[in-house]
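Hi,

Here is the structure I promised to pass on.

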Amino acid sequence: MNIGIRLHDTAPGTLEQRLDFARAQGFSCAHVALSKTLEDFAMADAPTALRDEALAARLRAAFADRGMDCAVLGCYLCMATPDEAELRQTQAIYRAHLRFARQIGAGVVGTETPPAPSARMDEKTRNSEEAFQLFLRCVTPVVRAAEEEGAILAIEPVCEHIVSTPEKAERMLETLKSDSVRIILDAVNLLSSDMTGRADAVIDDAIARLGDRVSVLHMKDFTEAPGESRPRSIACGTGSMNFEALLRLAKRRGLPMTLEDTVPENAEAARLCLERVAATL
C-alpha cells in the first residue's frame, strides 16, 4: 500500500530532511505544503516563485532520490469570493501550483472549499445555493488551467465548507464535467458531531457517490468532542474510526493515502495500524 504523510507533520528540517524522516518511518509518498516545508516560501509569491526551474528540479530529485511519490501538492486557499481582485490573485496562485505540480510529478493539487472572509458567509449562507454557485464560478477558470497544464485539481469535501457533503461533491463533479477535477476523500472531514454515530453510513455513501473519482485518501481517526460542532481529529488507531471501507477502496483503486493529525512519535504506529487492517481484507 502507498501510505504517506504530510511533510510538515514530520520532525523539523529542510524539505530533504523531512523526506528522510518520512522514508525512515516507512512512508512511500508525501503531501507537500510548500509554505510549511520550504524556507522563505510565501503563497503570495507563488506565481513568480514557482517559475523557478531549479526549485522544480530540486523537488523532483528529492522525491526520486528517496523512491517516494509526491501524492499531493497542497494549495488550500479560500477560492470562493465576490472580490474580483482577490479572486484573480488566488486563481493565479492555483495556476502556478498546477503548473508546478506537473513539473515535479505531483499526483494532484489539493484544495478545499471554505468561503473567503470577504464573502462574509455564516453557516446558513455557506450552505446556500448562492454559495455553491459562487464557488463554481470561481473554480471554473482554475479547472480550465488544470486541463491546459495536464494536471489534476483534487477537491476535498468538508462538512463546514461550501462543498460539504458527498452529494454536493457529486453535483460539483457533474457540473464541472472535467477529467482534471478529482476528489480527495477525507472521511473524518465529512463528519459533524451529530454524524459520528453513523460514520460508516456516511463513508459508504461517499464511496458510492465519489469512489471512482477519488485520487487520494486523507487518513485520520476521530474521537467525540462534546460541545463542539465537529469531532476531534487524531492519528489513525487512536479513536473510533472504522477504516475497512476506505482501505478496500484504496486497494481496489491503488490509491495513495496520506496521514493527517500525526506527530513524529505516533506517525509510524498510525501507518502500521492501517497496514494491519488492510492485511485482513
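Which elements do the buried residues of α4 pack against? They contact α1 (15-24), β2 (29-32), α2 (34-37), α3 (46-49), β3 and α5. Before going further, please keep in mind that this is a predicted model.

Staying with helix α4 (residues 53-65), its 13 residues reach 18 Å from the first C-alpha to the last, close to the 18 Å expected at 1.5 Å a residue. Buried in α4 are Leu55, Ala56, Leu59, Ala62 and Phe63. Seen down the axis, these buried residues fall within an arc of 130°, so they line one face of the helix. The face turned away from that buried side carries Glu53, Ala54, Ala64 and Asp65, which are exposed.

Next, the strands. Strand β4 (residues 108-111) is covered on both faces: Val108 and Gly110 are buried on one side, Val109 and Thr111 on the other. β4 runs parallel to strand β3 (residues 69-74), and three bridges join the two. Within this pairing, Leu73 has Val109 as its bridge partner. To get from β3 to β4 the chain passes through helix α5 (residues 84-104), and this β-α-β crossover is right-handed. Three bridges also join β4 to strand β5 (residues 153-155), again in parallel. There, Val109 has Leu153 as its bridge partner.

Finally, the cysteines. How many disulfides are there? The count comes to zero. For Cys29, the closest cysteine sulfur is that of Cys70, 8.9 Å away, which is too far for a bond. Cys29 is also buried, with a relative accessible area of 0%. Cys75 is in no disulfide either, as the nearest cysteine sulfur, in Cys78, is 11 Å away. Cys75 likewise counts as buried, at 0% relative accessibility.

Happy to talk any of this through.

Best wishes

Key: Residues are numbered from 1 along each chain as its sequence is written. This is a predicted model: local features need pLDDT of at least 70, side-chain atom pairs count only at pLDDT 80 or more; totals for chains, interfaces and linings use all residues. Side-chain values use heavy atoms; hydrogens and water are left out. Buried means under 20% relative accessible area, exposed over 50%, partly exposed in between (1.4 Å probe, protein chains only). Helices (H or I, at least four residues) and strands (E, at least two) are DSSP runs, numbered from the N terminus. Two strands pair if DSSP finds at least two bridges between them. A crossover is right-handed if, with the strands pointing away from the viewer, the path from the first strand over the helix to the second runs clockwise. A disulfide is a pair of cysteine sulfur atoms within 2.5 Å. The expected span of a helix is 1.5 Å times one less than its number of residues. The arc is that of the directions from the helix axis to the C-beta atoms. Contact means heavy atoms within 4.5 Å.
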